[in-house]
Amino acid sequence: MSEMMQAAVITGPGEAAVQLVPRPEPGAGEVLVALEGCGVCASNLPLWQGRTWFSYPALPGAPGHEGWGRVQALGEGVQGVKVGDRVTFLSYNAYAQYDRVRADALVKIPASLDGQPFPGEPVGCAMNVFRRSVIEPGQTVALIGAGFLGAIFTALATARGARVIAISRRPFALDLARRCGAEETVLLDDHQRVMDRVRELAGERGCDRVVEATGHQWPLDLAGELVREGGKIVIAGYHQDGLRQVNLQLWNWKGIDVINAHEREARVYLEGMRAGIAAVESRMFLLKELITHTFALDQLGHAYLALEHRPDGFLKGMIRIEQ
């Protein structure tokens, strides 16, 4: 095994290159993973686009955090995993041929899923959003933003016996939501029209749950209008481009619960990843159909441009990594 590896490096705002860098060595309690692939996440667009607080070049492989592959070597004291095991994991440098991962930050992928891409981190995120939403049979759930996370959420909520109304600005995403089990779909094009249509579907009382999965201000405003008194707004979108304002008078008057569904505890993330593996094994959703675009390691810039512009048919992109 060579002491060097290829890694994508963001060299400046809107610029990336593949560089030859030293391959990491696993220390005590760590494993070396030979990457098969890594998902591309919109939460990392600020690093790609550039902000005053970032310094460049970024670390080799950063900010790839949706990786999977096979264990190549074990560090001292590692138990419960062996060389050759296929794993998905939590790390931040997975846009590379190899990544060093803590042995307690990975989940083994069963042989039944061999050959299938498995970006465990975003799958685990979707599973944890669903868990935090406390979906019950018979509820009416409005989902604003029917992307990768929204598609998984729709499938899970429908299987639980809830009625899902999917709302998105993209007809492609609405078609996918229907295939995942959404009972109704609404085009996100006009504030009043969306409110009127959802009230026709859910009744004047409103929706038991509203899941905001876009990370933008307008859908957050809409969520407060659509939720019923005593219901829950679940913030699953990643709000990273500035401050937000909410109609606290309305939220307060309705007596709603507001849940920030992002997890930061590694243990909880790993539990979500395990639940995601079980859900894919039982075919609650078809993960491979949700990954719509594949890029080579030297096409990281193209992947981020796709995230920015969301061409028709784009849902989730991944970087394919060759050894």
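Three aromatic pairs turn up in a search of the whole structure. The model is predicted. The disulfide count is zero.

**Aromatic pairs**

- W48 and Y304 form a stacked pair, because their ring centres lie 5.4 Å apart and their planes meet at 20°, under the 30 degrees that stacking requires.
- W53 and F54 make a tilted pair: the ring centres are 5.9 Å apart, and the planes stand at 55°.
- W53 has 64% relative accessibility, so this residue counts as exposed.
- F54 has 29% relative accessibility, so this residue is classed as partly exposed.

**Charge over a ring**

- K316 sits over the face of F148.
- The distance from K316 to the F148 ring centre is 5.2 Å.

**Cysteines**

- No disulfides are counted.
- C41 is in no disulfide, and its nearest cysteine sulfur, that of C125, lies 8.0 Å away; a disulfide needs the two sulfur atoms within 2.5 Å.
- C41 is buried, because its relative accessibility is 16%, and the cut-off for buried is under 20%.
- C207 is also in no disulfide. Its nearest cysteine sulfur belongs to C180, 19 Å away.
- C207 has 0% relative accessibility and therefore counts as buried.

Notes. Residues are numbered from 1 along each chain as its sequence is written. This is a predicted model: local features need pLDDT of at least 70, side-chain atom pairs count only at pLDDT 80 or more; totals for chains, interfaces and linings use all residues. Side-chain values use heavy atoms; hydrogens and water are left out. Rings of Phe, Tyr and Trp (its six-membered ring) pair if their centres lie within 6.5 Å; planes under 30 degrees apart count as stacked, over 60 as edge-to-face and the rest as tilted. Buried means under 20% relative accessible area, exposed over 50%, partly exposed in between (1.4 Å probe, protein chains only). A charge sits over a ring if NZ of Lys or CZ of Arg is within 6 Å of the ring centre and within 35 degrees of the ring normal.
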